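Here is a brisk tour for someone meeting this structure for the first time. Keep the sequence and the model side by side while reading.

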Amino acid sequence: MSQYYLLRHHEIPDIDQLDVYIKHGGFKAFRETVTGKQPQDIVNLVKESGLRGRGGAGFPTGVKWSFLPNTLWPHYVVANADESEPGTFKDRELMERNPYQFLEGLMITSFAVQANLSYIYLRGEFWQQAEWLDTCIAQLEEKGLLGSNLFGTNYSLKLFTHLGAGAYICGEETALLESLEGKIGQPRLRPPFPAVEGLFAKPTVINNVETLANIPLIVEKGAAWYRSIGTEKSPGMKIFSLSGSVNKPGNYELPLGTTFRELIYTHGGGILNGNAIKAIMPAGASSCLITADDKALDTPMDYESVMTLGCPLGSASVIIVDESYSAADLVAKTANFFKHESCGKCTPCREGTYWMDKLAQKITSGKASMDDVELLKRVAMQMQNKCLCALGEFSTMSVVSSIERFRQDYEALVKQPDSKP
């Protein structure tokens with residue numbers, strides 16, 4: 001069995017070239033879909049496969065597609081290629097090294113929901129990737145794989161790329177839509193949800209790049225094959241972006257349900273400088289710190305199991321923290337990041353991230369007391385379940401978990417009660 005289904009460039013040289021991709025079965029699934037399938041057939045197939053969104057939420061993809069009403073037209077599909085989460089770099093590799101599989105997935109998805117115009121929204125720093133995808137799209141048009149009346153049918157499709165301006169908040173799907181429409185990238189109040197009132201106030205599907213790269217495989221090989229990989233509730237393969245205190249950081253394509261221990265020690269080559277592992281952040285900066293004990297290391301990396309550790313798997317951007325690093329220093333960096341990236345639309349996030357950053361910097365500068373540490377935790381907890389979008393919620397996770405699980409790191413930095421100012 002092949003080791004790679006998404007990161008196929010590791011096995012197939014030059015698969016980023018259209019003729020090579022076609023030689024290895026590329027666009028066969030799309031052609032057969034357009035010429036021989038009904039849109040609902042594809043929606044049902046993806047539902048049966050159990051594919052869950054790879055952008056972080058893990059929501060069932062086929063179910064998400066089925067929410068689009070057939071009474072409102074036109075429909076749109078938007079590929080979320082914003083990928084601004086610190087520690088996440090899987091979508092960039094897919095777009096650069098295996099772009100046609102991602103594009104074929106976007107095209108099949110467009111047919112499944114009967115969208116004739118679809119968009120790829122990329123973060124502003126991905127201008128080179130946008131130029132590359134524009135080249136790929138032009139080649140697909142030349143080959144007759146995009147355009148009007150595809151393969152002699154009445155189905156037509158055009159794809160466009162769109163660059164943001166580098167705002168982390170635009171990874172949130174409604175802020176992404178606002179930006180794509182030329183507005184300030186700030187989250188929308190929901191309902192209505194994008195499936196009913198999305199891009200240009202029309203029904204819209206928004207899927208992550210990695211999610212879309214799975215679609216041609218499911219159409220080609222079937223739902224049963226896909227379910228044979230991974231776990232019952234989290235089927236399929238997943239790209240884990242491994243970084244931090246490891247000897248071999250990088251993207252690793254593994255079945256969902258692989259343990260943290262296997263990812264870190266078998267694939268990642270263990271901890272830098274032979275240090276002991278201290279903590280795991282399973283979803284980049286927007287996740288909590290998990291104490292890296294044997295229970296955590298032997299936990300399967302799937303959407304259900306990781307939640308038993310009190311933290312979502314998210315986009316599986318696994319950051320490793322070793323014993324040489326202070327959890328308080330790490331939180332000072334994440335708090336500063338979220339303060340900078342908060343769009344400011346809702347008060348709990350705008351004010352909360354500001355005060356978390358201010359307190360975290362005070363703590364790491366050695367000017368704080370334990371009262372400041374407790375205040376930091378209270379500010380974070382008061383933000384929870386009160387923000388307009390997930391950014392505010394995510395910003396609190398490393399703060400609360402680090403104070404609860406690595407309190408000694410804060411105690412080592414603060415002034416003792418009897419110390420002089």
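## Around Pro86

Pro86 sits in the loop between S1 and helix H5 (90-97). The model is a predicted one.

Which residue lies 198 residues from Pro86 in sequence, yet 5.6 Å away in space? That residue is Gly284, with the distance taken C-alpha to C-alpha. Set aside the neighbours within four places in sequence, and Pro86 is in contact with Tyr168, Gly284, Ala285, Ile319 and Phe337.

Most residues other than glycine have a negative phi. Glu83 is not a glycine, but its phi is positive, about 35°. Glu83 is found in the loop between S1 and H5, the loop that also holds Pro86. Is Glu83 buried or exposed? Glu83 is buried, because its relative accessible area is 9%, and the buried class means under 20%.

Asn385 also has a positive phi, about 65°, and is not a glycine either. Asn385 lies in the loop between helix H15 (370-383) and H16. Asn385 is exposed: its relative accessible area is 71%, and exposed means over 50%.

Most peptide bonds are trans. The bond from Arg190 to Pro191 is cis, with omega near 0°. The bond from Pro191 to Pro192 is cis as well, with omega near 5°.

Where do these prolines lie? Pro191 is in the loop between H8 and S4. Pro192 is found in that loop too.

## Aromatic pairs

How many aromatic pairs are there? The count comes to 15 aromatic pairs. One of them joins Phe59 and Phe67. Their ring centres are 6.0 Å apart, with 45° between the planes, and the pair is tilted. Phe59 is partly exposed, at a relative accessible area of 38%. Phe67 is partly exposed too, at 46% relative accessibility.

Tyr76 and Phe200 make another pair. The ring centres lie 5.6 Å apart and the planes meet at 75°, so this pair is edge-to-face. The pair links distant parts of the chain, 124 residues apart. Tyr76 is in strand S1 (residues 75-81). Phe200 is in the loop between helix H8 (173-180) and strand S4 (204-208). Tyr76 is buried, with a relative accessible area of 10%, whereas Phe200 is partly exposed at 40%. Which residues form one aromatic cluster? The members are Tyr76, Tyr119, Phe160 and Phe200.

## H13 against H16

Two packed helices are described by the angle between their axes and the distance between the axes. Helix H13 (residues 327-341) and helix H16 (residues 390-405) have axes that come within 9 Å and cross at roughly 165°. That angle makes H13 roughly antiparallel to H16, because angles over 145 degrees count as roughly antiparallel. H13 passes H16 in a left-handed crossing.

On the H13 side, the contact is made by Ala327, Val331, Thr334, Phe338 and Glu341. On the H16 side, Leu391, Phe394, Ser395, Ser398, Val399 and Ser402 take part. The residues of the contact of H13 with H16 divide into 6 nonpolar, 4 polar and 1 charged.

## H13 against H14

H13 also packs with helix H14 (residues 347-364). The angle is about 150°, and the axes are 8 Å apart. H13 and H14 are therefore roughly antiparallel to each other. Their crossing is left-handed.

Which residues of H13 meet H14? They are Ala328, Asp329, Ala332, Ala335, Asn336, Phe338 and Lys339. Across from them in H14 are Thr353, Tyr354, Met356, Asp357, Ala360, Gln361 and Thr364. By class, the contact of H13 with H14 has 7 nonpolar, 4 polar and 3 charged residues.

Methods
Residues are numbered from 1 along each chain as its sequence is written. This is a predicted model: local features need pLDDT of at least 70, side-chain atom pairs count only at pLDDT 80 or more; totals for chains, interfaces and linings use all residues. Side-chain values use heavy atoms; hydrogens and water are left out. Axes are lines fitted to C-alpha atoms, for helices over the stretch in contact, and angles run from 0 to 180 degrees between N-to-C directions. Helices (H or I, at least four residues) and strands (E, at least two) are DSSP runs, numbered from the N terminus. Angles under 35 degrees count as roughly parallel, over 145 as roughly antiparallel, 65 to 115 as roughly perpendicular and the rest as oblique. A crossing is left-handed if the near helix is turned anticlockwise from the far one by less than a right angle, and right-handed if clockwise. Contact means heavy atoms within 4.5 Å. Ala, Val, Leu, Ile, Met, Phe, Trp, Tyr, Cys and Pro count as nonpolar, Asp, Glu, Lys and Arg as charged, and the others, Gly among them, as polar. Rings of Phe, Tyr and Trp (its six-membered ring) pair if their centres lie within 6.5 Å; planes under 30 degrees apart count as stacked, over 60 as edge-to-face and the rest as tilted. Buried means under 20% relative accessible area, exposed over 50%, partly exposed in between (1.4 Å probe, protein chains only).
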